[in-house]
Amino acid sequence: MIQRLRKRAVVFVGGGLTAGLAARQMMGSGLDILVLERGGDHAGSAAATLPNQRDELRWGVRNGLVQNWANETYTLRHHPGEEALPVRRMEAFLPGEGLGGAANHWNGQTWRWAEYDPALRTRLVSRYGKTALPSDMTVQDWGITYAEMEPYHDLFERLFGIAGQAGNLNGQHVDGGNPFEAPRGRDYPQPPLEILESGQIFKTATRSLGYKAFPLPAGNSPRAYKNPDGMSLAPCQYCGHCERFICEANAKASPAVLLYPLLRKDPHFEVRLHAQVTGLNYDKRARRVTGVRFIDLRTAQEYEQPADVVVLSGFTMTNTKLLLVSGIGKPYDPKTGKGVVGKNFCYQVMSSVPVFFRDRWINPFIASGSSQMVIDDFNGDNFDHAGLGFFGGGYIYSNVTNGRPITTRLLPAGTPRWGSAWKQANTDWYSHAFNVAVHGSNYPHRHNYLDLDPTYRDTYGQPLLRMTFNFHDNDHRMSEYVTAKAADGCDDRRDTAAAPRGLRCAPIPDDSHDRRNDHGGGSDIQRRVTTSPALGCSQPLRRRCVGLRAQRGLQPDWTARSTRTAPG
Ligand SMILES: Cc1cc2nc3c(=O)[nH]c(=O)nc-3n(C[C@H](O)[C@H](O)[C@H](O)COP(=O)(O)OP(=O)(O)OC[C@H]3O[C@@H](n4cnc5c(N)ncnc54)[C@H](O)[C@@H]3O)c2cc1C
Ligand code: SF4
């Protein structure tokens, strides 16, 4: 039987970055705050201490810190007309689980918005004309301005000890920083991280092309740092275990280090771990949420938690699902374009150009999640899009974040995939290669959205969230253009011993539709398995074991090992 708990002033659904930051703003108000977090506390656990923290198989490959897909996953289809299937293993984005959320195992790359970002639709229409925006590109203004957000960017940078080089101080250009930076009131609280060998190469190459490379703003602390709340970061050791890992050295700015230990000292603040929120109690007449329902995952007891205010801080997927299952707001309908819940689901468009140097030691194992050099010339609307046939762009950078042995091995095109020649190539190139990468935008599209799946349910009996998502013409054109710019930089280096280009512009392969409609034993379908019983149903899961030339993100049924490092 469901038990009713005493009412709280504020209840947060999910104890990640958003909850930590918002609860910090409420500290000292005397408000009675409760955070309900489905995971445990990783502090002091195997994930956060040596030697287990370095276990690439456990954290990096098997994603030990992310949502348990056997309990709750998403379904994916590439077009509204298709049947969606459950994603068994996420390649694309890895929602965190446990106190601190995904920002415990993030890279630390910390961008501010461009000045035009919050009013992007207005910007594009005013620069390119009303008819320039394709009708299915549903880009919108946010309703706030960069100037309003600037003090909060500044606060976040100070709380998280962000390291970087200012490029625009109160409208004055500063040498060495991002020439496209929006005006900032103050410099970063910490100087940039050390420039790695790959960054030096990138800086020289891009300078010769007329671009100004700058250090990527980083949440990996270059020094010992104390934030305005008195919380500390230790210096980064460039250990190469940032993304997908918790920093055992307390050098990576994260909620578990900087926010929750502070919040937990406040007698009005409480965290309840292993608490899976399953629904919001909604008073339709009053149009108010009056509380939440959650399950204690250790006892299976269900609770009702009344609250004056409920904050959805469980990341986009949980937030959207809870609104939909609780009947709050108008679900988005791609046919009419009406409704906002689930609308404008976006991702990112990644590509890279691998480069190889016989005579330069890249030593990829010396790196942090953000110790890279970057150019911003082809990002967002920093360049003229007239006549290009697309909007958006990406930052281009020397992407060395780690040299972890299982997943980080760049090999020249044509290298055999196994045997002694493969082994020799690994020996030859492990320390002599890196990716010049593009971290690109993905603008909203009419047919990319979230709703509830009509067929599949999670272990708690609720519908899975359904992603209808594909990369569209705009994404392909943007990626081709910006990746070609990245490749230009590679060609320009005279010290490149071998630089076969690998443009990976199409993040979902062109054949994905055919493949998903193939219910027979087509040549690329190598085996079938059934879903986890925890999902409450048993449907065929198609697996494909051939290598795809395109980026492997968002593949519901891709099993081959990816060599991609996916920052951000
Ligand atoms: C591998 C990786 C690398 C990244 N690198 C970068 C980067 O370099 N730079 C950058 O800017 N961003 C990066 N990000 C993104 C960044 O970490 C997220 O945008 C950020 O953490 C989102 O904050 P959030 O509070 O919305 O969600 P989260 O921090 O994920 O917190 C959500 C919390 O809610 C909990 N929760 C979810 N559902 C429920 C439920 N039903 N009941 C109870 N609890 C629930 C989860 O367990 C989690 O703890 C990265 C993300 C990943 C996964
Ligand atoms: S690279 Fe630095 S910040 Fe990242 S996990 Fe290692 S010590 Fe921590």
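Predicted model: local features only at pLDDT ≥ 70, side-chain atom pairs only at ≥ 80, totals over all residues.
Residues are numbered from 1 along each chain as its sequence is written, and chains are lettered from A and ligands numbered from 1 in the order in which they are written.

Next, colour by burial. Of the 568 residues, 43% are buried (20 or more other C-beta atoms within 10 Å of the residue's own, with C-beta atoms placed from the backbone).

Select Phe-12, Val-13, Leu-36, Val-292, Val-374 and Ile-396. These touch the most other members of the largest nonpolar core, which has 94 residues (a core being buried Ala, Val, Leu, Ile, Met, Phe, Trp, Tyr and Cys residues joined through C-beta atoms within 7 Å). A second, separate core of 14 residues includes Val-87, Tyr-456, Met-467 and Phe-469.

Move to ligand 2. It is surrounded by 14 residues (C-beta atom, placed from the backbone, within 6 Å of the molecule); Cys-236, Cys-239, Cys-242, Cys-247 and Ser-368 are the closest.

Finally, select residues 146-159, helix H4. Its 14 residues reach 19 Å from first C-alpha to last, close to the 20 Å expected at 1.5 Å a residue (1.5 Å times one less than the number of residues). Just after H4, select Gly-161, which has a positive phi of about 55°.

Technical notes. Buried ≥ 20, exposed ≤ 12 C-beta atoms within 10 Å, placed from the backbone. Helix = DSSP H or I, 4+ residues; strand = E, 2+ residues; numbered from the N terminus.
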